[in-house]
Amino acid sequence: MPETKVSIWRQFPSSFWAANVMEIFERMGWYGFYAVSSLYLTGAVTDGGLGLSSEDRGVIQGLATFFLYLFPAVFGALADRYGFKRMFLSSCVVMIPGYMMLGIPDGFWGFLAVYFLVAIGHGMFKPVVISTVAKSTNEKTGSMGFGIFYMMVNIGGFLGPIVAGIVRGWDWQYVFYCSAGWILLMGVFALFVYKEPPRDEEAESKRALSEVFKSMIGVVGNGRFFLLIVGLLFLLVMGSKWLEPQVYLPAAAGWLIINFIWDFAVRGSAGSPNSTRLWLLEPMKVGEGRYLVFLFLMAFFWTSFNQIFMTLPEYIRDYADTSDLIHSFGPIAGWVTGVAQSMGMDTTEWGRAVLEHGQVKPEHLINLNALGIIVGQVAIAYSVRKLAPLTCIILGSFITVLSFLLYMVGQGGWIIVIAVLVFSIGEMLASPRSKEYAGNIAPPNKVGMYMGYFYWCVALGNLFGGLLSGGLYQHFGPVERGGVDNTNAMWLIFAALAMVSVILLSFYDKWIKAHPRD
């Protein structure tokens, strides 16, 4: 009797769809503010902004999002121990008050402190939702499943900024209230609808918390190697704001040299293989080496990727001439307002939702990135389902290089639209498949932890992306803001970073194929 062919849509369990709906609300909350954060942080105080410099803006975005994507490594391990649903609800308890307080600070330090609270909440959510997707898919449904998930990410990333772009025309406080409201809806859905995917709850619940963190460190290696990485990141993160590069970069190099000398010394005095020694006296040991190298290489991709949210909003505000877009869509806008007026509506204030100082608001142009992914993600995921994840990642990274070069062609509205949509194609190829690759190599009982570590590459990309964005735009941006007015050089640097990712990932792919696992 022939087997009944089951539709691929029916092969996903309810937990998969529940996680996707929750992801929409969470992304609406995050991108509702993040997409306009550059404008709020550097906007004039008279317009409701904080009036910070581009450099300070880059530091805030880099540091806060760095820790946002660093925390999942910890919270993923805790979710494996205490349960996914508890972590979902705990994240809501942190995020909602964080967003409600985000509009209170009026300076660098106060805003950074509250934004850290928001980052912690999103860091709690991330590894759990991606782990649910990983546990709800298999080799046959993985590519399609992660493609659907990434489409849902962008539905939230599309709707959130639309609402934020409209309400900020009246008051920035409404942006923060909206983000808190979306997270509240996500919490309600988690409480009443979400059911955890199958996992060995009995075995996980019996694990001591110390074993959870020991296992978490084991992904990186041992305590000594973990200390090396944490110390290096601390120096780079803290030094980026409070020290000059000629101070913190040599300090970071010195930290590496000290650790390697110490490692050489303890290896020379090593006792028997079975002897127990203090962890500080043990030689460094690398854990999942292939995985760590992959994360490091993907950091280059995320550094360039983040410029669409960090640098592009300021660039559009300061340089773009969107009169061509206004001219193209003027008749449609006139028809819509005409219909509304015929129904008795007052449309005199409608322009505030779309335009600012006679130009299209930056967030509406950037939002085309999410719209492009919503429209094309499932089709692209299906068309490349038979390609290896690394092949898709490399191809997608190369397409992002082309998108950055397009900004050097001109500053018209249509050029920006095309560049953003080309970037979206690269993102659709690279981002979801990178998560799929990370989930595939994780042990079944440590998916949450490994997916948490996946976000380390995103964390580094946000850190260096924020610092580069602020520093480069401050230097190459408008003269009135202290720059040299040469944005083409800036976009060329970002394109070069993306190209470095393409080259290194190509070498990594060849090495992986030449050295398969036993």
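Reader: How many salt bridges does the structure hold?

Author: This is a predicted model, and it holds 11 salt bridges. To count, a Lys or Arg side-chain nitrogen has to sit within 4 Å of a carboxyl oxygen of Asp or Glu.

Reader: Okay, take Arg 27 and Glu 26. Are the two residues buried or exposed?

Author: Buried means under 20% relative accessible area. Arg 27 has 2%, so it is buried, and Glu 26 is buried too, at 0%. Their side chains meet in a salt bridge, 2.7 Å from N to O.

Reader: Which parts of the chain does the pair Glu 363 and Arg 168 link?

Author: Those two side chains form a salt bridge at 2.5 Å, N to O. The pair links distant parts of the chain, 195 residues apart: Glu 363 belongs to helix α16, while Arg 168 lies in the loop between α6 and α7. Both Glu 363 and Arg 168 are buried.

Reader: And what about a pair inside one helix, like Arg 317 and Glu 314 in α14?

Author: General idea: an α-helix has 3.6 residues a turn, so residues three or four places apart point the same way. Here, Arg 317 and Glu 314 are three residues apart in α14, which means about one helical turn separates them. Their closest N and O atoms are 3.1 Å apart in a salt bridge. Arg 317 is partly exposed at 30%, whereas Glu 314 is buried at 0%. Salt bridges with shared partners also join these two with Arg 57, Asp 318 and Arg 481 into one network.

Reader: Last one: why is α5 described as largely enclosed?

Author: Because 21 of its 28 residues are buried, α5 is largely enclosed by the rest of the structure. Helix α5 reaches 40 Å from its first C-alpha to its last, close to the 40 Å expected.

Methods: Residues numbered from 1 in each chain as written. Predicted model: local features only at pLDDT ≥ 70, side-chain atom pairs only at ≥ 80, totals over all residues. Heavy atoms only, no water. Helix = DSSP H or I, 4+ residues; strand = E, 2+ residues; numbered from the N terminus. Expected span 1.5 Å × (residues − 1). Buried < 20%, exposed > 50% of the residue type's maximum accessible area, 1.4 Å probe, protein only.
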